[in-house]
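Dear colleague,

I am passing on the structure we talked about, and I would be glad if you could look it over beside the notes below.

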Amino acid sequence: MNDLFGVSMDIIAAVSIAVTAGILLLVAYIAWRNPVMFKLGLRNIPRRKAQSSLIVVGLMLSTLIISAAFGTGDTLTTSVTSEVYSILGEADEWISWDPEKEPRPIEEQLIPLATVEEWQRQFEGDPDIEAIVPFQRETLPIQNQRSRLNEPSARIVAFRAADAAALGGLRDLNGAPVSLSGREMAVNEDLAKEIDARVGDSVIVFYGGQPVEFTVSAVVPSDVLAGAIDPNAKNGAAVDFATFADITGRGDNANAVIVSNRGGVKDGLKYSDAAMDKLEPLLEDTPYQVVALKKELVRFAELVGASFTTVFVVFGLFSIAAGVLLIFLIFVMLAAERKPEMGMARAVGAKRRQLVESFLAEGMGYDLGAAVVGLLAGIGVTLVMVEVIKAFAGDSLGIPLNVTFTARSLAVAFCLGVIATFIVIFVSSWRASRLNITAAIRDLPESRPIDPEAETWRGYYRAVLNGIVALSLPIGFSFFLFGVGGMVLGVPLVVVGLISPWFYALRSSNFASPAEHRTTEGLPRWPWILGLVLPVVGWFLILPWYFIAVGLVRITRDRKPQSLSLWVRVLALSVWPFAFIVALLQGWRVRIAWTAGVSVAFGAAGVALTYGGLDRDSAFFFLLGVSLLFLWVAVTLHYFGVAERVSFTTTSAALLALWYIPSSWTKPLFGELEGDIEMFFLSGMVMVTCGVFIIVYNADIVLPAIARLGSRFGRIVPALKTGVAYPLTARFRTGMTMAMIGLIMFSLVMMATINRNFSALFLNEDTRGGFDIVIGVNENNRVDDIRAALASAGADTQPIAATGELRMAFPFEAEVENRDGFENAEGGEVKPYSRSKIFGADAAFLAANGVTIKFRAAGYATDRAVWDAIAADPSLAVIPASTTAEQQGFGGGPNEILRLNPLDEGFEPFTLELRDPGTGATKVVTVIGQMKESADAFFALGSPDFASGIVVQKSTLLEAFPASRGQRFYLSLTPGTDEDAYARTVEAALVQASADSLQSLLDEQQRLQTGFLLVFQGFMGLGLIVGIAALGVIASRAVVERRQQIGMLRAIGYQRRMVALSFLFESGFIALSGILLGLTLGLSLAWVLFTSGDFGEEARNIDFTVPWVDLAVISGIAMGAALLMTFLPARSASRVPVAEALRYE
Amino acid sequence: MSGNSAPGAAPGETVIDARDVVKTYDTGIIQVHALRGVSLEVKRGEMVAIMGPSGCGKTTLLNSLSGLDDFDSGIVLINGQDITRMPDDKKTEFRARDMGFVFQTYNLLPVLTAAENVELPLIVSGTRPKVAREMALGSLDRVRLREWANQRPAQLSGGQRQRVTIARALVNRPAIIWADEPTGALDSATATEIMDLIVELNEAEHQTCVIVTHDPKVAARCHRTIQMADGQIVREDSRERMAAVANEH
């Protein structure tokens, strides 16, 4: 895996290792400079072993998620790459006929051996190209005469012995050379397994319906020399070139040429670009094309790995976000626990910085421990996930999965975990260090100093000024990013933003104090050290700007004006650098309402994001911007004295309502806003945050209801009451924990519900299309009449109730007019024709099928009327559901496949032009219906490309695409016939046929889907560990905090179990609130998205189903685990010695 | 719930009977002999103060006699029942029914209102919530805090909080009230007010009060004062003697 979110993994690795090294150097410096405070921090770790273990478990989650996501990506990349190397061996590039350059029937797309020999001479001794190897290949049915087993699509290849030698030569499984002559065949391992072939067996290959007998002379590895080119279809064999040329009638021609580069199997790749540079000009004026096959496949493997990693990282973002909340919560609580100690330390002379250093020492102890544990746990999780994928996907993956971790991925996962945790620890340590010494020593609540400007416009002005100056950098970047204000506004904002953090850091230091208060203490050293130890970032983005800030503070510290006139203040907010000067000149003692100020900065960024979102049609930026504006409104209302409950409840409810508005409603106002998988994360974050605010500010209304329960529950009422009341008095920690659980539940519920409903949409009874068996037929050995063919092969045809035949033109051989002009190529180019699969149905198929139609054109009353009309008129067609899918929401984007505007019931029939890309011949058809999604799934079942297509009459297809060769039959069986058994009968009777029961294919699809869902749910469910660990930490802390109260409760008659129960109720209340919050928001949002048409028109009309069992299991696990985690602290609370607790202080 | 007249206990009878109570704390490094064979009798309706220097074992004695803490040897009979042999559940029930506690640090639940704090002992001993609330309000009325019933502890002054704890101690009309430094955290005016209240309630309800205190003025309000030193009772002082000491102070 080389990229993540489009950024090179090498760059990510270099930066993350450098930053981690910087962090470790900083910590080492602290240990050297201040060993006492360092030890003070470190020695806290073993003080409460259980709590420390819980903290490590909580902190490790980020590393675990990242390493498991990387591990999965590495595993897929390495597995696919290994398979590519194993199959292609020495083959690097692939030369074949290019029908776009010169259209010709496929059997005439040949390259004369003489031409290839000319190339061989031309490149003899070339420094990049080692060999050019022509060969013939064909997909043919094969039958083992001894075992009677068939393979309808074996890839048979024929190399000349001298040419094969250039690719390492054909060798058997023991490495001995194999030479082929006459009717000898070397079957590859995969084919040998499929048809149970052994050396000496007689096998029959069918070409044009004629049997040709071969003798198996060797079993060889499955590689390109033995027909294995496609990792999904490796069954193949090699035969003598002259013999095969005779059979196919191709004489001295090849239909493909392999180019082998210098170097071995892997290092040949590095010559690929040079080889392509030579081969492309060579083939420029010929009808041939060259493809860098190995390079493309390796790139594809990396893409697959990177896609999986990206998906897992995106889905893991919920857990990472929850992990960040937990880290913050843990350190805030640790700070609360140590408050008296810290107060005492400050009282005896410790500086704020030293408290931060002490906390950092402790935090880094946890951090490094957690990163190591997280890495190991991530490896374990990857192993489990890969095993689960293997168990569910089985052979359908086509490649063996071997768990692999690259050192780079492990290093990045470790470093990112360390960095993420460090940042949160740093912020929370800084927050913890800002304490009132007296209040801390006596463990009293922090009292707020009186601010004469509080709740005044003057104070708000100051907050706005400082908030925007302090956060100029992100605001400036967001302005740049979205083109708001351009360079005029953006550049000064960024410049101010680089200086201002240092200015505010200096503002609280002795250096910045007025002369009468200044001591001999010098400048703060930590920015110097940070600037020096962080490579590049420190040298260019810290040090120069710190020096400027020092200079500015030095100039202004003794030059503060008493007051500033109104026009200066107004000017400050209008002309940017001026705002910074006014901020510099404000008095050192004045209080700044930072919350209000920061919210204004968020509001400003919100404006930029909203504008940018509308400008770029991005739902993500638009809704993020609007959400930030709501945050600004809530904080501003609160600043001006509106009660917290009112301001946060109303704005949260309004924002929540906004998120529920379907995009179809907002479309007329804001246009069509595009969203992708990132919306999943954003919606979860914002909606859960709103929900948490509403609950924590309003849940006390349930207290009277609990009191009323008294008559029913008697003695446990106090436990119930305190179980709700205590969490509501500690809103911060309760809200954080609720948010952690709510976020994870939201993601799990959304995923389970969306999956269930899409599954119902695509995979249901309609997916069988009215048939029982699908039969794929080898393209070189087509069957005219399936019933007759089966009868002549001796099979019992009595069970066949009806048959249907489809002929197929695949997207590479069929084009359709891009009628509605959608962008359908890389770069968003609008091409006149798009690709599409086309099915030609025979009269029997059109008469017998039960394929359902979603929208019928005007004049067609029933589905049957549509199919009968197509049977009667060769110019009519129906299109698949996927053609009008909006391809927005989750996944999508421009591609080559035909896309049309959505239709409605009773639409006016319209025409589509079909074009053969080989000959350029066109044919016009009239569309009279659009099939349902389940019909798409019906046509996709049993198809290697799992794609549906346009359905026309068979005669129409053959006329429009005469070179198309695909064929498929459907059978409907008489009631009571065993479908699987009859599918086996068909395969045994017809060597060129592969038959499957449609129900079995359907079951396999659902099993696969369930398996992948389980993997994703398991992965996302890891985040629940965070929420549950948080509950454990909170409960442990509560036992310590409330020791005296527990003693009193026991003194006045609380039994031990009652004390334990009240703790369990507390955790239960938080967990249940989080679970219900996630459940309600996830279900309701999924319902809105389905029923509003935001998930596409096809989803609008489904019967929305709720996966109650899945949800009950998920909720049950979450609740059970939460209570289990609280059990230990609850038990220890119940065992508190009463007399000791009452003395405890 | 029983009233202030415990079964089998006639007025003036012994309510607390402690014999040779020994309690030693083992810190792992040293052993601290907190009680060295303390014997004590307290009669029904009596107010007894326990005084002595810090660390002499006053609170340990109170905790041992009230069943809050275990002791190593000796016997403690409360209303004739041997609490030494009671299992924890039974002892807890006994406390809920027959004892009330007042502590220096109030120990009110901050998340509950004054009335909810007061009704807590009733509810845990099985009283119906409606009855419990009526009794709690009645108890708050006796300490003249009825109008503050719906306030949380944080909204009350120190003296008011201590009055809530007294209301809580009285709400189940216990036979014995144990008070550990009930005025320790209060200014002298509020301390006097609280002691007036305790004395007034003792006279009205005839409950037995055992008060641990440092303050001779508090001790002077009790019928007798037990002086402790080094884990032993060293002497008993009468109300008059303590009044004289208080005056000297």
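At what angle do helix α22 and helix α25 of chain A pack, and how far apart are their axes? In this model, which is a predicted one, α22 (residues 619-639) and α25 (residues 678-698) of chain A pack at an angle of about 15 degrees, with 10 Å between their axes. Angles under 35 degrees count as roughly parallel, and α22(A) and α25(A) are therefore roughly parallel to each other, while their crossing is left-handed. On the α22(A) side the contact is made by A:A619, A:F620, A:L623, A:L624 and A:S627, which meet A:E678, A:M679, A:L682 and A:V686 of α25(A); these residues divide into 7 nonpolar, 1 polar and 1 charged.

Turning to the domains, chain A is divided into domain 1 (3-82 + 301-441), domain 2 (93-291), domain 3 (692-764 + 1003-1145) and domain 4 (800-973). The C-alpha centres of domain 1 and domain 3 of chain A lie 25 Å apart, and their contact takes 30 residues from domain 1 and 28 residues from domain 3. On the domain 1 side, α3 (49-88), α9 (293-337) and α11 (352-393) of chain A each give two or more residues, with α9(A) giving the most, 14 residues. That side divides into 23 nonpolar, 6 polar and 1 charged.

Between the chains, 27 residues of chain B are in contact with 26 residues of chain A. The side of chain B that touches chain A draws at least two residues from each of α1 (58-66), α2 (88-98), β6 (99-103) and α3 (114-124) of chain B, and α2(B) gives the most, with 6 residues.

With best wishes

How values were computed. Residues are numbered from 1 along each chain as its sequence is written. Chains are lettered from A and ligands numbered from 1 in the order in which they are written. This is a predicted model: local features need pLDDT of at least 70, side-chain atom pairs count only at pLDDT 80 or more; totals for chains, interfaces and linings use all residues. Axes are lines fitted to C-alpha atoms, for helices over the stretch in contact, and angles run from 0 to 180 degrees between N-to-C directions. Helices (H or I, at least four residues) and strands (E, at least two) are DSSP runs, numbered from the N terminus. Angles under 35 degrees count as roughly parallel, over 145 as roughly antiparallel, 65 to 115 as roughly perpendicular and the rest as oblique. A crossing is left-handed if the near helix is turned anticlockwise from the far one by less than a right angle, and right-handed if clockwise. Two residues are in contact if their C-beta atoms, placed from the backbone, lie within 7 Å. Ala, Val, Leu, Ile, Met, Phe, Trp, Tyr, Cys and Pro count as nonpolar, Asp, Glu, Lys and Arg as charged, and the others, Gly among them, as polar. Domain bounds come from an automatic or database domain assignment.
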